[in-house]
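Colleague: I am new to this model and would like to go through it with you, one step at a time.

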Amino acid sequence: MSENYTDPSGNTEQFRAFVHTPETAAPDAAPSRLPLIVGGVVVVLLVAVVAWLALS
C-alpha cells in the first residue's frame with residue numbers, strides 16, 4: 001500500500017510555502033465604547049435629576 005500523505009516539513013519548498021501562507025484576518029478592531037460612555041452619561045444625568053427633585 002502506498003501512502004498518499006506528504007509531510008510539508010519533508011520538502012523545503014513545501015515547508016516554505018506553508019510558512020508564507022497568509023493567515024485569515026482576525027478582527028483587529030476593538031468593540032466600540034460609545035454605548036458604555038452614553039450609558040454612563042445617562043446614569044449620571046438620572047442621578048442628578050433625582051437628587052435635584054429630592055432636594056427641591
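The questions and answers below concern this predicted model.

Colleague: How many helices and how many strands are there in the protein?

Modeller: The model is a predicted one, so the answer describes a prediction. Within the protein, strands number zero, while the helices number two.

Colleague: Is leucine 46 buried or exposed?

Modeller: Leucine 46 has its place in helix 2, which covers residues 34-55. Its relative accessible area is 53%, and because a residue counts as exposed when that value is over 50%, leucine 46 is exposed.

Colleague: Which residues make the nonpolar surface patch of about 360 Å²?

Modeller: Leucine 46, which is exposed, is one of the residues in this patch.

Colleague: How many of the 22 residues of helix 2 are buried?

Modeller: Helix 2 reaches 32 Å from its first C-alpha to its last, close to the 32 Å expected at 1.5 Å a residue. To be buried, a residue needs a relative accessible area under 20%. Helix 2 lies largely in the open, because the number of its residues that are buried is zero.

Note on methods
Residues numbered from 1 in each chain as written. Predicted model: local features only at pLDDT ≥ 70, side-chain atom pairs only at ≥ 80, totals over all residues. Heavy atoms only, no water. Helix = DSSP H or I, 4+ residues; strand = E, 2+ residues; numbered from the N terminus. Patch = residues over 30% accessible without salt bridge, like charges linked within 9 Å, V, L, I, M, F, W, Y side chains within 5 Å. Areas by Shrake-Rupley, 256 points an atom, 1.4 Å probe, with all protein chains shown as cover. Salt bridge = Lys/Arg side-chain N within 4 Å of Asp/Glu carboxyl O. Buried < 20%, exposed > 50% of the residue type's maximum accessible area, 1.4 Å probe, protein only. Expected span 1.5 Å × (residues − 1).
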